[in-house]
Every structure is written in structure tokens, then in C-alpha cells.
Amino acid sequence: LLLAGHTQWAIAVALLMVTNALFTAAAWHRFPHPSWSHRTLDWLMLLLQVWPQYLAFTIMFDLISGRPEWSERRRYFNRNISTLEPFLESLPQLIIKACIWTFFSQMHLESQTRDNPLF
């Protein structure tokens, strides 16, 4: 979008990803149940924006290993971390992409006829 000259749409989509990354970083910083590799490999996963998935993997590993703290970590993950991405990035991106689709469909349809078929 940016290369095509649609900077406002590119900024709107990028802003959602940055917002999600900032909230995920805050959740990582406040995570009260450090895993066996917390602050060593976690920061790399945070930079790659896969920390929630990695945390879910470590919780599953703790479950299989028989560590007793997996239940509390899973409860915290389900309540505080797993809900970030759907509400901060996915749902707003769906709305923005629907607006982009409507905008470009309207431009395409108006170039073929003089009447606007969408309104």
C-alpha cells in the first residue's frame, strides 16, 4: 500500500501491528509467572512477535513435564495474554481491510460507469 501511494491505509494497518506489539511487550514485562527460560529466549520471541505462541508452547511443555505451576500459568495466559491479539490487531484489521476493499472496489466501479453502484 505504501509503495502504491496509499500512505493513509499503510499507516492504519501498520499502526495496529505496532499497537499490538507494544501491548504484548507490556504483558511480557508484567508476566508474574516466569518460565524456565524467561528473559533469556523470551526477549527474542518478543522481538519476533511470537511470544504469546511461545508462552503457550512452554505451558504445554510444563504440562507434559509434570511441573505443578502450569495450571496457574495457563489461567493467567488465557485471561490476560491470549485476548490481546484478537482485539488489538485482528478485528481492527478486518474493519480496515473491509474499508480498503470497499474503497478500491468503488474506484474500480466508478471508472467503468458514471453512476456509483455502491450508494
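Modeller: At 34% relative accessibility, L41 counts as partly exposed.

Biologist: Why is L41 called partly exposed?

Modeller: Buried means under 20% relative accessible area, exposed means over 50%, and partly exposed lies in between, with a 1.4 Å probe and protein chains only. L41 has 34%, so L41 is partly exposed.

Biologist: What kind of model is this?

Modeller: This is a predicted model, in which local features need pLDDT of at least 70, side-chain atom pairs count only at pLDDT 80 or more, and totals for chains, interfaces and linings use all residues. Residues are numbered from 1 along each chain as its sequence is written, and side-chain values use heavy atoms, leaving out hydrogens and water.

Biologist: Where is L41 placed?

Modeller: L41 sits in the loop between α1 (7–29) and α2 (42–47). Helices here are DSSP runs of H or I with at least four residues, numbered from the N terminus.

Biologist: How many helices and strands does the protein chain have?

Modeller: The protein chain has five helices and zero strands.

Biologist: Why is N20 called buried?

Modeller: N20, in helix α1, has a relative accessible area of 8%. That is under 20%, so N20 is buried.

Biologist: What does N20 touch, leaving out residues up to four places away in sequence?

Modeller: N20 touches L84, E85, L88 and E89; contact means heavy atoms within 4.5 Å.

Biologist: What share of the 119 residues in the protein chain is buried?

Modeller: Buried residues make up 28% of them.

Technical notes: Helices (H or I, at least four residues) and strands (E, at least two) are DSSP runs, numbered from the N terminus.
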